[in-house]
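Keep the structure open while you read.

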Amino acid sequence: MKFFSVHRTFLILLCVLVVFLFYGNSSPLVDQDEAAYAGFSRSMMEKGDFLSMDFPYSTPHRKPPLHFWITSFLFKIFGPTEWVLRLFPAICILGTSLLTYHLAHIIYGQRTALYAFSILSFSLYFPLNGKIALVDSLLVFFSMLGFVSLYHWIISYKKIFVFLFWLSVSLGLLVKGPPVLIFLGGTCVLLLSINQIRSKMWKLRPFLWLPVSLLPLLLWGYFSWQKDNGVLIRWMLDWYIFRRATDPVFGQSGPPGTYLMLFAITLFPWTRIYLSFLNEYGWKLIAYLKTEGLKLFKNLLPWNWEGIDSNFTPKRFLLMGLGFSWFFYECLASKLPSYPLSAYPILAIILGDQLSRKHNQIYMYRLYLTVSLIMIAILSFVILPKFSELRMDTKKVADIIRTLVPPEETLHSFGNQGIPSFAYYYHRPIQEITWDEIQTTKGYLLIAESDFLIGKGLGLEWETKGEPFSIFAYDRNKKLTLRLVKTKKD
């Protein structure tokens, strides 16, 4: 028996992935999302208020609460450190990779499962989601758990998988709201077009279990509404549903086809297999359109599904999974890299099958895997530590300002600085104020250098404390120069 058998190779790569996901996770917080989530979670732990999401510079980053609840629980047990913050997201990315291996194994066998696991776990973008504490790591895990449970239900008809499917929907909704329902619900709708399994799909009993799966989210929404008279819920509906469907978020937009091109980069070094997949299925689509013409689009209409004589196949299941994990987001005006994250495990399985049908598959796999492991090593020991140094500014500035502002004083902040990591490390009260309030506020102010000069020009009596503070805002690729000033009290 060869030492590097398929099974042993998988175990070795699993160990490499575990080391990559959990090594070096004590680095400073990443602005803006991760630092905001850390602030929400620590505030919940310290105040015992699990409904409010109040943290300086973090208003746009409020989400449904499950991620914050889990993190605050871990903070309570292990302490509020960066490593603990990133613990559960890393576990979720590891779990998603294992679910991908499992699904590929039962569909195509052990070797293709190894290929799929390698493509997902050692590509450029996907494993990095385990190095930063974002809600997307939890969302992709629950989405993949629901997708795998759906396949098992179709194949085995065991009711435990109905429970797991709806549990995944419920938890996914409590993590980020609609995306899990778009993916899993949309996939189920597409699967209804297959006559062979239509009755099984209806036996998921969506009219019964969908309201039940919505119940935890609705209960949280009800109690949150009671607490603040609906301010948070109305804001979330506007920000995450109405606005994102039509307008770009944070200026990140793109035409249809953006993710099609983005995958060629994020799947590196497995890009050639991805391009081979696009070439094969692109020509198949063209050939189908030439022979069937408009019949393809007619068959997309639900009232025409009864007349379609189609059989269920694993490949068709996977391709339908891409419909609402990838293609749906191509149609939105807003384009964030994390939107099609649930498509990566499905693509990894499809590309694993694509690789397994190559006559030189062993050579290609070893070549791409070698490049992947070198890339992972460079990321772990060179790029990520260098990026960690760039994130030290807010921590250093917070430590300095803590020595300049008395503990009993509230620090007022003007100018929408967008640095929640500073607020996290400062760990004292910060109040954001408007220009109308700045002229009447007494005490300590943190303002931009440009606003300081304007205030001095207007004759405001400010006493500077310390030298100007320089913070490199890497998320905006610019340097912030801040001033700490004290106003004279009456």
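This is a predicted model: local features need pLDDT of at least 70, side-chain atom pairs count only at pLDDT 80 or more; totals for chains, interfaces and linings use all residues.

Lys284 has a relative accessibility of 46%, so this residue counts as partly exposed, falling between the 20% and 50% limits. Lys284 forms a salt bridge with Glu280, and the closest N and O atoms are 3.1 Å apart. Both residues sit in helix H14, which spans residues 271-292. Four residues separate them, or about one turn of the helix.

Which residues are linked with Lys284 in a network of salt bridges? Glu280, Lys315, Asp353 and Arg357 belong to that network along with Lys284.

The structure holds 10 salt bridges, and the table sets three of them side by side.

| Salt bridge | Closest N and O atoms |
|---|---|
| Glu34 with Arg86 | 2.6 Å |
| Lys176 with Asp136 | 2.6 Å |
| Lys284 with Glu280 | 3.1 Å |

The pair of Glu34 and Arg86 links distant parts of the chain, 52 residues apart. Glu34 belongs to helix H2 (residues 33-47), while Arg86 is found in the loop between helix H4 (82-85) and H5. Are these two residues buried or exposed? Glu34 is buried, and Arg86 is buried as well.

Next comes the salt bridge of Lys176 with Asp136. Lys176 lies in helix H8 (residues 159-176) and Asp136 in helix H7 (residues 135-156), so this pair ties together parts that are 40 residues apart in sequence. Lys176 has a relative accessible area of 14%, which means that this residue is buried, the limit being under 20%. Asp136 counts as buried too, because its relative accessibility is 7%.

Now for the helix packing. Two packed helices are described by the angle between their axes and the distance between the axes. Helix H5 (residues 87-108) packs with helix H16 (residues 314-330) at an angle of about 150°, and their axes are 10 Å apart. H5 is therefore roughly antiparallel to H16, a description used for angles over 145 degrees.

Where do the two helices meet? On the H5 side the contact involves Leu103, Ile107 and Tyr108, and on the H16 side Pro314, Lys315 and Leu318. Five of the residues in this contact are nonpolar, none is polar and one is charged.

Key
Residues are numbered from 1 along each chain as its sequence is written. Side-chain values use heavy atoms; hydrogens and water are left out. Axes are lines fitted to C-alpha atoms, for helices over the stretch in contact, and angles run from 0 to 180 degrees between N-to-C directions. Angles under 35 degrees count as roughly parallel, over 145 as roughly antiparallel, 65 to 115 as roughly perpendicular and the rest as oblique. Contact means heavy atoms within 4.5 Å. Ala, Val, Leu, Ile, Met, Phe, Trp, Tyr, Cys and Pro count as nonpolar, Asp, Glu, Lys and Arg as charged, and the others, Gly among them, as polar. A salt bridge is a side-chain nitrogen of Lys or Arg within 4 Å of a carboxyl oxygen of Asp or Glu. Buried means under 20% relative accessible area, exposed over 50%, partly exposed in between (1.4 Å probe, protein chains only).
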